Amino acid sequence: MKTKNTILIVDDDSTHRTMLRTLVGGWGYDIVETDDGSTAIEQVEQRPFDLVLMDVRMLKVSGIEALEQIKAFNPSIPVTIMTAYSSVETAIAALKKGAYDYLTKPLDFDKLRLTIERAMEHTQLKEENRILRESLGRHFDIRNIVGRSPAMVNLLETVAHVAPSEATVMITGESGTGKELIAGAIHFNSPRKDGPFIKINCAAITETLLESELFGHEKGSFTGADRRKEGRFFQANGGSLFLDEVSEMPLTMQVKLLRVLQEREITRVGGDKVIKVDVRLIVATNQNLPDQISKGSFREDLYYRLNVVNLKLPPLRERRDDIPLLARHFLEVFTEKNRKEIKGFTPQTMDQLIRHHWPGNVRELMNAVERGVVLARSEYLDEQDLRLMQDSVQQPEETLQALSHIDIDMPLDEVEKATILRTLEAVEGNKSEASRRLGITRKTLHKKLKQYGVMP
């Protein structure tokens with residue numbers, strides 16, 4: 001059974017207090033009442049409340065003084081101030097000291113009810129966000145990251161040293177190695193863990209929209225901007241911002257990002273107001289940025305700004321000791337998810353997993369185990385359960401064999417098209433992995449696929 005929300009009513013006018021008790025209590029709330037700010041403070045220290053509804057003018061301790069002490073004791077309690085003096089100064093003073101809202105006497109009952117309901121929603125949302133942060137924190141806990149190989153032990157030791165600092169971190173590694181997981185581990189093991197952890201994939205957003213996504217925009221700043229929008233930097237204020245595939249960021253945006261890093265301030269698209277932001281930046285890429293610098297597609301000054309601390313994630317083929325651990329971990333996850341009872345892998349299957357090249361890294365292994373669980377016919381996954389994985393993901397040499405059919409008389413653009421489509425097929429549509437094998441950026445791959453009519 002759901003418990004009622006409890007409201008503390010503080011007012012030295014007994015008649016007004018009785019009216020509020022009857023009215024607000026009739027709306028389904030539990031009521032506790034007191035006649036002064038001093039006893040209100042005592043009540044808050046003794047028991048939890050969902051809202052404090054408090055008058056400003058009282059004999060011993062005023063509502064403003066009590067507000068300060070209540071907020072000092074428990075900043076999360078919403079306090080709504082009531083005043084018979086509708087002066088702007090009193091309202092502003094209350095809001096500056098942390099009041100949730102203020103109401104003027106005589107009270108508008110509809111507004112009172114709406115204010116209470118909003119305060120309850122606000123409290124509930126904060127609690128849900130706290131629970132979500134704790135849940136995410138456990139997910140990204142360094143101790144929960146599977147890996148006991150020397151390469152992973154060294155990496156996690158570095159993460160533990162880097163996380164408490166304010167340093168900008170660049171995470172490099174092939175697609176599917178777990179860069180986002182490491183970024184989350186850095187945030188949730190830092191002093192910013194109670195702040196937001198905001199993520200954005202630079203390759204997934206068009207060049208024209210990326211500036212708006214990062215910095216926000218004002219209403220009417222461009223076609224379709226029917227309201228003001230806050231960008232990811234503003235949303236991440238007090239926390240961390242993770243820019244995935246930062247190598248795909250256009251040069252024009254690189255200049256603007258560099259300025260934000262230098263000045264610690266942003267301006268919305270179409271606006272002129274300068275907004276200070278306190279954000280820790282964590283970036284990731286599967287590209288070789290020094291190569292891109294030499295090609296002129298990435299700014300050298302931005303690279304040095306971002307690459308304060310570099311964490312290189314090893315590909316799965318270089319940490320084969322971790323494959324049995326990861327495979328068993330994913331098996332537990334997916335047997336529970338699919339409500340199946342599978343005890344493990346046959347020895348031959350585990351040998352197959354350990355020997356596989358894993359071009360898609362941990363993500364590929366996770367997908368392979370999930371498919372195996374879904375297709376499993378017995379209590380132990382065998383080679384036949386995982387055969388799809390072996391057949392569908394070709395090794396680099398196999399990819400070359402698949403391309404050997406190309407006719408020497410074919411036009412160059414047809415050869416290019418066949419090569420790209422065959423490579424994409426070989427990696428099951430994984431565009432990041434296809435880009436890496438072909439030696440091109442995802443942006444170039446998307447452009448080519450549009451030319452072929454494969455992508456809209």
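This is a predicted model: local features need pLDDT of at least 70, side-chain atom pairs count only at pLDDT 80 or more; totals for chains, interfaces and linings use all residues.
Residues are numbered from 1 along each chain as its sequence is written, and side-chain values use heavy atoms, with hydrogens and water left out.

The chain has 20 helices and 16 strands; these are DSSP runs, with helices being H or I of at least four residues and strands E of at least two, numbered from the N terminus. Of its 456 residues, 46% count as buried, where buried means under 20% relative accessible area, exposed over 50%, and partly exposed in between, with a 1.4 Å probe and protein chains only. Among contacts between residues at least 6 apart in sequence, 69% join residues at least 24 apart; contact means heavy atoms within 4.5 Å.

Let us turn to the cavity. A search of the whole structure finds one cavity of 30 Å³ or more. A cavity here is a set of points, on a 1 Å grid over the protein atoms alone, where a 1.4 Å probe fits but cannot get out, and lining residues have an atom within 4 Å of a point. The volume of the largest cavity is about 40 Å³, that is, the space filled by probe spheres set on the points, which are joined across faces, edges and corners. Its lining consists of Phe233, Val260, Leu261, Arg264, Val277, Asp278, Val279 and Leu281. To answer the opening question, six are nonpolar, none is polar and two are charged. In this scheme Ala, Val, Leu, Ile, Met, Phe, Trp, Tyr, Cys and Pro count as nonpolar, Asp, Glu, Lys and Arg as charged, and the others, Gly among them, as polar.

Next, helix α2, residues 37–46, has Gly37, Ala40, Ile41 and Val44 as its buried residues. They lie on the same side of α2, because they cover an arc of only 100 degrees around the axis, taken from the directions from the helix axis to the C-beta atoms. Their cover includes β1 (6–10), β2 (30–34), β3 (51–55) and α3 (63–73).

Finally, two single residues. Leucine 107, in the loop between β5 (101–104) and α5 (109–139), is buried at a relative accessible area of 11%. Beyond its neighbours within four places in sequence, leucine 107 contacts His16, Leu20, Met82 and Leu112. Asparagine 367, in helix α15 (residues 361–375), is partly exposed at 32% relative accessible area.

How values were computed
On a 1 Å grid over the protein atoms alone, a cavity is a set of points where a 1.4 Å probe fits but cannot get out, and a pocket is an open set with protein on both sides within 12 Å along at least five of seven lines; lining residues have an atom within 4 Å of a point.
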